[in-house]
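Colleague: I would like to learn how to read a fold like this one. Could you walk me through it?

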Amino acid sequence: MKNPIQLSDYKFFVFDIDGTLVGPSHELHPFTKEVLLSLHDLGLPFTLATGKILPATKAQADELRIDLPLIMANGSVLQKRTGEVLANVCLPVDVTRRAIQICEQRKEDLVIYIIDQLYIEKMNDNIYPIYSNVESGLNEIGGWEMLGSRIEQVTKCLVVDIHNQANLIELGEIFEKEFAGTADIVHTSTKLVEILPKGISKATAVKTLADTLGIRMDQVMAFGDYDNDAPMLSAVGLGVAVENASAAAKAAADLVIGPCEENAPAKFLKSLIDARR
């Protein structure tokens with residue numbers, strides 16, 4: 001990490017959303033919005049990197065006037081806020097089918113992602129608190145056989161357990177053993193564990209976008225708060241974790257700043273912008 005940090009050393013900025021830019025309200029604070037919009041005025045490109053789908057992200061992307069592709073589904077999908085899909089990577093069908101079997105045997109609540117759509121068998125009190133802010137793109141299908149040929153297009157699988165983190169840790173270990181070499185397993189909060197295409201992460205998506213922009217990875221600054229952000233934070237020139245970040249995210253970061261609830265990423269950026277001016 002360079003000391004002192006200078007804004008001029010960085011050409012591309014990437015922000016995780018939940019737990020980093022926004023808290024439980026899922027709304028951008030006016031100060032955060034103002035600071036990020038000022039990056040446009042400085043000619044500095046930026047985007048969002050999230051585990052979510054476009055319908056759950058579009059309002060924030062619209063507020064911030066982001067025209068670059070958004071990194072969705074933890075790197076499996078690159079999609080513009082207009083809906084245009086630039087890239088998507090799918091899980092092997094056998095992985096998805098086996099994940100369904102495991103979840104059915106253990107009575108786990110599975111959510112299947114296909115680009116900008118979510119599929120569940122049935123809404124319940126375990127799933128609802130996580131997805132209550134998804135206004136469109138969430139589909140109840142009754143049974144997984146209803147996916148039909150769409151099972152070949154799955155970009156990630158996710159299991160929700162809002163009550164028992166130990167259960168998710170155990171399930172993650174089962175997935176790690178079952179899908180070794182064929183998929184990656186990541187805990188994206190204390191309530192979620194995900195199955196992603198092998199070798200895919202926010203870091204790989206950031207590299208794809210940086211290459212498109214002609215920007216080196218050491219010229220990228222990224223902000224995050226959880227385990228799924230760790231590869232990104234370690235891969236860029238300056239990885240910044242918020243104070244409320246997981247141990248893995250903090251270990252991967254070059255710098256730990258204040259908490260999300262105090263708009264720490266925006267305050268940090270504003271200090272760099274003010275120093276430049």
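Predicted model: local features only at pLDDT ≥ 70, side-chain atom pairs only at ≥ 80, totals over all residues.

Colleague: In which sense do β1 and β2 pair?

Modeller: Strands of a sheet pair through backbone hydrogen bonds, either parallel or antiparallel. Strands here are DSSP runs of E with at least two residues, helices are runs of H or I with at least four, and both are numbered from the N terminus. Two strands count as paired if DSSP finds at least two bridges between them. β1 and β2 are parallel, with four bridges, and Phe-13 stands opposite Phe-46 in β2. Together with α1 they make a right-handed β-α-β unit: with the strands pointing away from the viewer, the path from the first strand over the helix to the second runs clockwise.

Colleague: Which way do the residues of β2 point?

Modeller: Phe-46 and Leu-48 point one way, Thr-47 and Ala-49 the other, and all are buried. Buried means under 20% relative accessible area, exposed over 50%, and partly exposed in between (1.4 Å probe, protein chains only).

Colleague: Where is Thr-50, and what is it in contact with?

Modeller: Thr-50 sits in the loop between β2 and α2, and its relative accessible area is 3%, so it is buried. Contact means heavy atoms within 4.5 Å. Leaving aside neighbours within four places in sequence, the contacts of Thr-50 include Ile-17, Met-72 and Lys-202.

Colleague: What is the strand order in the open sheet?

Modeller: Six strands run β8-β7-β6-β9-β11-β10, with mixed pairing. β8 and β10 are the edge strands, each pairing on one side only. β10 and β11 are antiparallel, joined by six bridges, and Ile-185 has Ile-195 of β11 as its bridge partner.

Colleague: How many residues does α9 have, and which of them are buried?

Modeller: The expected span of a helix is 1.5 Å times one less than its number of residues. α9 has 13 residues and reaches 18 Å from its first C-alpha to its last, close to the 18 Å expected. Its buried residues include Phe-268, Leu-269 and Leu-272, and what covers the buried residues of α9 includes β1, α1 and β12.

Conventions. Residues numbered from 1 in each chain as written. Heavy atoms only, no water.
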